[in-house]
Amino acid sequence: MSEGLFEGRNGSRAPRPGDWTILLVAGALVTALWLGGPAGQGSRAEVRVEDTVVARLDLRQPGTYTIDGRLGPSVLEVADGAVRFVDSACSSHRCVASGAHRHAGEVAACLPNRVTVAVRGGRGGYDTLHY
Amino acid sequence: MNRVSRLPALLLALTTLALTACSDGPAVERQRFLSLGTHIEVQTAGAETERAREAIRVVREDLAYLHSGLHPWEPGALARVNQMLAATGEFTADPGTLEALAVSRPLYRDSDGLFNPALGKLADAWGFHQDAPAGPPPEAATIEAILEADPSPENLTVDGVRMTNTNPAVQLDFGGVAKGMGVDHAVGLLREHGIDNAIVNAGGDLRAYGQRGDRPWRVGIRDPRGDGVLAGLTIEGDEAVFTSGDYERYYEHDGKRYHHILDPRTGRPARGVTSVTVIHDEGATADAAATALFVADADQWPRIAKQMGIEAVLRVDDEGVLHLTPAMAERLELKKDDVTTRIVELP
Amino acid sequence: MAEARTLTPTADDRRIAALAALAVTIHLAEAALPSPLPGFKPGLANVITVAALFLWGWSTAAWVTALRVLVGGLLLGTFLSPTFALSAGGAVASLAALAVAVRLPATGPLGASILAAMAHTTGQFLVAWWLFIPHPDLPLLLPPLLTLAVIAGTVSGTIATVVVNGLRRE
């Protein structure tokens with residue numbers, strides 16, 4: 001009978017070493033989750049080449065990214081909570097001149113290269129930006 | 001269920017509700033794509049996904065067609081018309097061009113010619129009829145010759161689909177009204193497809209109608225001088241917000257900057273103004289007015305605004321001073337305090 | 001004409017039925033209770049499952065859970081609803097955890113309960129994520145949910161230990 005399986009393993013009144021281990025590990029795991037948990041509602045930059053989303057950059061993480069567009073590479077830099085074009089394969093470089101973008105709704109684009117960067121998320125108060 | 005299973009389920013349910021309330025509210029469908037030479041974003045609220053997607057798909061197709069009829073230099077319907085115009089005489093024009101011309105004529109008149117869609121030759125001479133505008137600026141003689149010829153929409157007569165041109169200097173360039181027409185088309189189509197609330201944003205210029213759930217659409221106006229939001233605007237009813245700026249298309253040559261908003265009277269980029277923002281109930285007029293009011297002199301623009309039926313104008317001069325009509329002052333919620341503002345009454 | 005077979009419930013069957021009935025009753029009672037905190041309900045039904053695990057084995061515990069989820073769902077009118085999917089997902093995960101817990105050395109009802117509670121929460125979360133709400137911010141819920149799971153598991157594990165000890169003395 002099934003009772004036989006548990007004979008001798010479970011007669012004590014108090015929780016056993018295994019129980020405490022589990023409790024401690026569970027506590028540690030949960031604490032770790034609280035501290036280094038999943039990314040919250042930060043701003044993100046959605047990068048597209050034509051209609052295809054090629055990257056979603058977390059604006060809280062500085063970094064440099066190279067995106068391959070129609071004409072060649074466009075280089076994006078995330079720094080200081082904002083994203084900007086630092087170089088591009090187009091000739092006019094208006095994308096670079098448009099500067100840093102950090103507010104939800106802002107869009108930076110290298111139109112000749114078909115690369116667009118739209119800032120999303122965060123607790124922006126606007127549905128869209130006029131510029 | 002025990003405490004453990006009930007708790008997460010209820011928390012999930014509550015948080016989902018909270019998340020929807022805080023972040024989405026009504027069903028918002030948002031799509032963006034490239035068209036009309038710019039970045040277009042359409043947002044709809046309160047419509048089921050399938051219906052919204054279908055409507056946006058229709059808009060997209062329409063704008064692609066419009067692009068061909070309005071693009072000044074890419075091979076397409078307008079380029080062909082311009083070729084025929086240079087030869088003068090009578091020819092068959094395509095519907096897109098005819099529509100744009102019909103829209104532009106009253107705008108040309110009401111702006112006292114400050115908005116002139118027949119100046120393609122001038123724009124081309126200045127190097128703006130290419131993806132990357134570049135110098136050198138045209139010779140004074142070239143500019144004078146074009147001004148002498150005085151090309152205008154009045155040189156064209158239309159009979160059905162037949163167009164007659166008497167002035168070989170006429171080259172149609174609808175750049176000053178194309179985005180306005182685009183958003184008007186888009187809004188018309190969205191409405192036809194049962195979308196009661198939407199924003200159509202074409203490279204920053206937009207038209208919005210309806211609401212976002214139980215609150216109005218909120219628009220942030222980017223500071224043309226740089227980073228950040230200059231002002232907030234709450235959309236009322238159905239309206240278009242358009243800006244013409246000297247920072248949109250320009251090039252530098254020999255240390256001087258030349259922008260694309262040409263004054264039809266001097267044949268040269270208009271001076272003294274950084275940007276003009278206009279709020280009006282439809283896009284084409286708002287678009288043309290933003291251009292015309294940019295070009296107008298400081299003492300002239302209130303009259304032109306009145307003539308064009310515009311009430312809400314913001315004109316930023318090249319010293320950064322904001323000139324606002326009372327209607328505009330009422331609408332904008334300024335977010336920066338390091339700005340000088342002046343209220344300018346309309347006649 | 002073939003003879004109809006007579007099915008007679010065994011002692012095991014009766015035990016399972018009784019436990020399941022008890023679990024369902026607790027489940028329904030909790031559903032009826034108003035709670036001071038949203039979602040905060042005493043998790044007594046889990047006590048039954050864990051106690052059953054240590055007294056009569058995993059398969060009994062599994063039956064009890066399955067019946068509790070099924071019958072509870074039918075009686076509460078949530079059968080085959082999203083709530084049901086969540087409940088079933090959580091139950092499957094927690095039973096898997098219990099199967100593991102029982103094989104861990106020096107682990108009693110307390111540890112098993114904690115493991116089961118965490119597995120249950122994770123299982124429900126995954127169901128919600130994959131079937132219903134792939135919202136990118138959903139993972140934000142995990143830390144608080146798992147914390148509550150650990151607390152709940154500790155409390156129900158303690159009760160289960162008392163129950164198991166109590167029943168063994170008989």
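Start in chain A, where the side chains of E77(A) and R84(A) meet in a salt bridge, with 3.7 Å from N to O. A salt bridge here is a side-chain nitrogen of Lys or Arg within 4 Å of a carboxyl oxygen of Asp or Glu. Side chains of opposite charge can pair when their charged atoms come close. E77(A) is partly exposed at a relative accessible area of 29%, and R84(A) is partly exposed as well, at 35%. Those labels follow set cut-offs: buried is under 20% relative accessible area, exposed is over 50%, and partly exposed is in between, using a 1.4 Å probe and protein chains only.

A word on what you're looking at: this is a predicted model, where local features need pLDDT of at least 70, side-chain atom pairs count only at pLDDT 80 or more, and totals for chains, interfaces and linings use all residues. Residues are numbered from 1 along each chain as its sequence is written, chains are lettered from A and ligands numbered from 1 in the order in which they are written, and side-chain values use heavy atoms, with hydrogens and water left out.

Over all chains, the structure holds 30 salt bridges. One network of them links E46(A), R48(A), R56(A) and R32(B). In chain C, R15(C) and D12(C) pair up at 2.8 Å, N to O. Both sit in helix α1 (residues 11-32) of chain C, three residues apart, or about one turn of the helix. D12(C) counts as partly exposed, at 34% relative accessibility. Helices (H or I, at least four residues) and strands (E, at least two) are DSSP runs, numbered from the N terminus.

Chain B has its own example: R191(B) forms a salt bridge with D238(B), and their closest N and O atoms are 2.9 Å apart. This pair links distant parts of the chain, since R191(B) is in helix α7 (residues 178-192) and D238(B) is in strand β12 (residues 238-245), 47 residues apart. R191(B) is partly exposed, with 42% relative accessibility.

That strand β12 belongs to an open sheet of nine strands in chain B, with the order β1-β2-β6-β7-β12-β17-β18-β19-β21 and mixed pairing. At the edges stand β1 (28-35) and β21 (341-343) of chain B, each with a single partner strand, so one side of each has no neighbour in the sheet. From one strand to the next, the twist averages 10°. Two strands pair if DSSP finds at least two bridges between them. For instance, β17 (residues 273-280) and β18 (residues 312-317) of chain B pair in the antiparallel sense over six bridges, and V278(B) has V313(B) in β18(B) as its bridge partner.

Helix α2 (residues 49-70) of chain B lies across β1 and β2 (38-45), running at about 15° to β1(B). Meanwhile, α7(B) lies across β2, β6 (198-202), β7 (205-209) and β12 of chain B, at about 25° to β7(B). Axes are lines fitted to C-alpha atoms, for helices over the stretch in contact, and angles run from 0 to 180 degrees between N-to-C directions. Contact means heavy atoms within 4.5 Å.

Finally, look at two helices meeting each other. The axes of α4 (residues 95-110) and α9 (residues 301-308) of chain B come within 9 Å and cross at roughly 145°. Where they touch, L107(B), R109(B) and D110(B) in α4(B) meet I304(B), Q307(B) and M308(B) in α9(B).
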